[in-house]
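Here is a brief report for a reader new to this structure. It starts with confidence and then turns to the helices.

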Amino acid sequence: MAAVDLAARAGAEPASKPLPGAWVALAMLTFIYVLNFLDRQLLAILAKPIQDSLGVSDTQLGLIGGLYFALFYCLISIPVGWLADRSNRVKVLSLACAIWSAATVACGMASTYPQLVVARMSVGVGEAGGVPPSYAIISDYFPRGQRGTALGLFNLGPPIGAAMGIAFGASIAAAYSWRLAFILVGAIGIVAALVLLVLVREPVRGGLDAPRADAASTSASAKAGFGETMKMFVSRPELVLAALGSGVTQIVTYGLGNFTTLFLMREKGMVLEEVALWYALVVGIGMSAGIFVSGRMIDRFTRRSRKAYALLPAATLALAVPFYIAFVWAPSWPMALLFLLGPTFLNYFYLSSAVTLVQEEVRPEQRVMSGALLLLVMNLIGLGLGPTFVGAASDWFRASHPDNSLQMALYTLVPFYFVAIGLFLWLARVLGRGTPSPIVGGASA
């Protein structure tokens, strides 16, 4: 009945206004994303007490926060995306939230490294059903021209989640134990999964889109085949390049993010109470501002040229490089945090850009699966390699640089900035050729 109501509303109004309840849905989906990222980041935030408690190395931390998590997160996201494209996306998201939250509770109960590995892999299984359905739900609640802003607001989930995780996780760990932080966050997620079913209705797929040029698939409720969507995605150079550029960027963001707290505590002299306040403020302000501003800029500049989807992240990543190097070099933690504001603001313009580009360029019934494919490439590269690479590099440098092995490891991320910039510039050339969108009314170069 709810879907019918939304369909009627979508047909009655021009596709220039969000559906009824769109902002409530966006707020709830963003809150779920906050919990998603908070759960994911707790391991990095509490790395030092976990190391002290379980006796794990930097390489082991990198594997559990990177490759092990990414393998399950990415590979499960594909069948989940296929299922969500053919079923109720809100119910899929609710179930996923419940699974990853229960697994987060299990992380707090782990007494050995193998138990923690299994629990973190289970978190990855649940979180695989979190983001792709949300992208598609938002794209069906908000019309073209407002999706960049809506998805930009949704993508505030990671910075808010990271900032809350730093403040909440570090404070709980300092006052009680790192285990309690996992258990409390997981319990909140289980409750949120139930609330989601009450507050958010399933919107009609493509209800706010203009009619598509291919008359053979005019029904908004059409179900795209798994193989069809895969073939479409890999055959579109703009989609592949957006995923590759974002993935290489995430080698930097995840490699840095998974070890920043440990770096600040072990090599810059911060304590948990200082991390809970000052590092949380840097992440909350810098990353949130960057993601929000990027969404607004994408909506504005892509009306003139589709190349803005690529040129904005290329330019901001180039600007971030000197600030990143200064952060790693800084001799004290206050100076390091001051320089870190630059990368936390500039590193994340790629996210809203890539997500909006993919959601705009594919058919409505392919949005969840396409979002899952985007995340598959992004996270296998970035989440899988970034933390694993930094952890292994830190242990490798320890023999020659016992007091600053993490600093040396973080320096090795600089070349990845330039690889990502090159990929986004390549994407700009592809978009500049004016490849048409499969949806009538798509942006043109």
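## Confidence and helices

In this predicted model, pLDDT stays under 50 over residues 213-221. The model has twelve contacts beyond four places in sequence for that stretch. Residues 435-445 also stay under 50. For residues 435-445 the model has 40 such contacts, again beyond four places in sequence.

| Stretch with pLDDT under 50 | Contacts beyond four places in sequence |
|---|---|
| residues 213-221 | twelve contacts |
| residues 435-445 | 40 contacts |

The protein as a whole has a mean pLDDT of 82. Of its residues, 89% reach 70 or more. Which elements mark the lowest and highest mean pLDDT? Helix α1, residues 2-12, has the lowest, at 44. Helix α16, residues 308-329, has the highest, at 96.

Helix α16 packs with helix α15, which covers residues 272-301. The angle between them is about 140°, and their axes lie 10 Å apart. Angles over 145 degrees would count as roughly antiparallel, so this one makes α15 oblique to α16. The crossing of the two helices is right-handed. Which residues meet there? From α15 come M297, I298 and F301. They meet A308, Y309 and L312 in α16.

Next comes helix α6, residues 89-109. Its 21 residues reach 31 Å from the first C-alpha to the last. That is close to the 30 Å expected at 1.5 Å a residue. What caps the N-terminal end of α6? The cap is N88. One of its side-chain oxygens lies 3.0 Å from the backbone nitrogen of V90.

Definitions and conventions:
Residues are numbered from 1 along each chain as its sequence is written. This is a predicted model: local features need pLDDT of at least 70, side-chain atom pairs count only at pLDDT 80 or more; totals for chains, interfaces and linings use all residues. Side-chain values use heavy atoms; hydrogens and water are left out. pLDDT is the predictor's confidence in each residue, from 0 to 100. Helices (H or I, at least four residues) and strands (E, at least two) are DSSP runs, numbered from the N terminus. Contact means heavy atoms within 4.5 Å. The expected span of a helix is 1.5 Å times one less than its number of residues. A polar contact is a pair of N or O atoms within 3.5 Å; within protein, one must be able to donate a hydrogen and the other to accept it, and residues adjacent in sequence count only if both atoms are side-chain atoms. Axes are lines fitted to C-alpha atoms, for helices over the stretch in contact, and angles run from 0 to 180 degrees between N-to-C directions. Angles under 35 degrees count as roughly parallel, over 145 as roughly antiparallel, 65 to 115 as roughly perpendicular and the rest as oblique. A crossing is left-handed if the near helix is turned anticlockwise from the far one by less than a right angle, and right-handed if clockwise.
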